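The sequence and structure are shown first.

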Amino acid sequence: MPFPFPPMPRLRQFIFLLLTCLLVLSMQKGAYSQFRKAQIEPPAREAEAEEEVQAPMTADEGADKNRFYDPRNPDHATLQKGEEMRTQLPLDKRGAVDWMAALRSGAIKPRTDLTNSKPHQVLNLDIILKNTKEMPWVRFPHNSHTEWLACSNCHDSIFVPKAGANEISMEKIFRGQFCGVCHDRVAFVTHNSCERCHSVPHANSKQWW
Ligand code: HEC
Ligand code: HEC
Ligand code: HEC
C-alpha cells in the first residue's frame, strides 16, 4: 500500500473525511481565495454620460420606434417621422416596408452619392447558389442590389466575386456574416422570408412554409 495511506480501510476513510473537512474549513477562511466567487464592483457610471448605449436594431424596429431621431436637433419638428413614412410605402406580407417594391414604383429614388453625380452601375447577373439541402436554391440577383448599392459594398470584403467561392451557411447569415451583413439588419428579415432568397425549386426541394 503506497504512502501515506495506512492499510486499514476504516482509518483510510477517516483520514480522507478529515482532510475534506479541513479543506472546506480553510476555503471558508479564505485561504483558497481562488475558489470564491469573484467580487468585482461594476465600474461607476460617469455622471455626465447622458445617453444610454442602445442595442443595434433589426430592420423592422427602426421604422416603428422613431429612435433614429435626435429631439435636440433644431430640424426635428420638420423631419418626416417613421410612422408617417410607412403609410406612403408598400408593405410586405409581414407588414414591414417592401423596399424593392418602393424602389420599383419610384416611391424612393436612392442616390449614388450626396450630389447624385453619377448613375448606378447596374449589373444584370443572377447567381444561383445550390448548397441549400432540401430548401429551394438561392437566386442572388445582382440587379436588385446594384440598383442602389455599389460593387464595393460587397466586393471583396463580404463576397469574393467568384460563383461558389464563398462558404455561406444559414448559421453564418444569422450571425451577421455574408447576406446577414445587411439582411436582418437593414434589408428584409430572413426568418419568415425564406422564399424570397430560396426561390428556385429543384427536384429534391420541399416547400414547407
Ligand atoms: C437573405 C437570403 C436568405 C434567406 C432569407 C434565407 N436563406 Fe437560407 N441560405 C441562403 C444562402 C445564400 C445559403 C447558402 C447557399 C450556398 O452557399 O450555396 C443558404 C443556405 C441554406 C441552407 C443549407 C445550408 C445550411 O446552412 O444548412 C438551408 C437549410 C437554409 N438556407 C434554410 C433557410 C431557411 C429555413 C430560411 C428561412 C427561415 C432561409 N434559409 C432563409 C440565403 C438565405
Ligand atoms: C449585395 C452584394 C453584392 C453586390 C453589391 C455586388 N455583388 Fe457581385 N457577387 C455577390 C455574390 C453573393 C456573388 C456570388 C458569390 C458566390 O457564389 O459565392 C457575386 C459574384 C460576382 C461575380 C462572379 C460571377 C461568376 O460567375 O463567377 C462577379 C464578376 C461580380 N459579382 C461582380 C460584381 C460587380 C461588377 C458588381 C457591381 C456592379 C457587384 N458584383 C456587386 C454579391 C454582390
Ligand atoms: C450590402 C448589403 C446586402 C448584402 C450583403 C445582401 N443584400 Fe440582399 N438586399 C439588400 C438590400 C438593401 C435589398 C433591398 C431592400 C429589401 O428588400 O429589404 C436586398 C434585397 C434582396 C432580395 C430581394 C430582391 C427583389 O428583387 O425582390 C433578395 C432575393 C436578396 N436581397 C438576396 C440576397 C442574398 C441571397 C444575399 C447573400 C448571398 C444578399 N441578398 C446579400 C442588401 C444586401
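## Shell around ligand 3

Helix H4 (99-105), strand E2 (138-141), H5, H6 and H8 each contribute at least two residues to the shell around ligand 3. Helices (H or I, at least four residues) and strands (E, at least two) are DSSP runs numbered from the N terminus. The largest contribution to this shell is that of E2, with three residues.

Ligand 3 is surrounded by 20 residues, and Trp99, Ser144, Cys179, Cys182 and Ala187 are the closest. A residue is near a molecule if its C-beta atom, placed from the backbone, lies within 6 Å of it. By class, the shell around ligand 3 has 15 nonpolar, four polar and one charged residue. Ala, Val, Leu, Ile, Met, Phe, Trp, Tyr, Cys and Pro count as nonpolar, Asp, Glu, Lys and Arg as charged, and the others, Gly among them, as polar.

## Basis of the model

This is a predicted model, in which local features need pLDDT of at least 70 and side-chain atom pairs count only at pLDDT 80 or more, while totals for chains, interfaces and linings use all residues. Residues are numbered from 1 along each chain as its sequence is written, and chains are lettered from A and ligands numbered from 1 in the order in which they are written.

The shell around ligand 1 holds 21 residues, the closest being Leu129, Asn131, Ser169, Cys194 and Cys197. Helix H7 (170-174) and helix H8 (194-197) are the elements that give two or more residues to it. Nine of the shell residues around ligand 1 are nonpolar, eight polar and four charged.

Around ligand 2 there are 20 residues, with Cys151, Cys154, Pro161, Ala163 and Asn166 the closest. Two or more residues of this shell come from each of strand E1 (126-129), helix H5 (142-146) and helix H6 (151-154). The shell around ligand 2 comprises eleven nonpolar, eight polar and one charged residue.

## Chain overview

The chain contains eight helices and two strands, in the sequence pattern α-α-α-α-β-β-α-α-α-α. Of its 209 residues, 5% are buried (20 or more other C-beta atoms within 10 Å of the residue's own; exposed means 12 or fewer, partly exposed in between; C-beta atoms are placed from the backbone).

## Lysine 81

The loop between helix H2 (59-64) and helix H3 (82-87) includes lysine 81. Lysine 81 counts as exposed because 12 other C-beta atoms lie within 10 Å. Tyrosine 69 is twelve residues from lysine 81 in sequence, and their C-alpha atoms are 8.4 Å apart.
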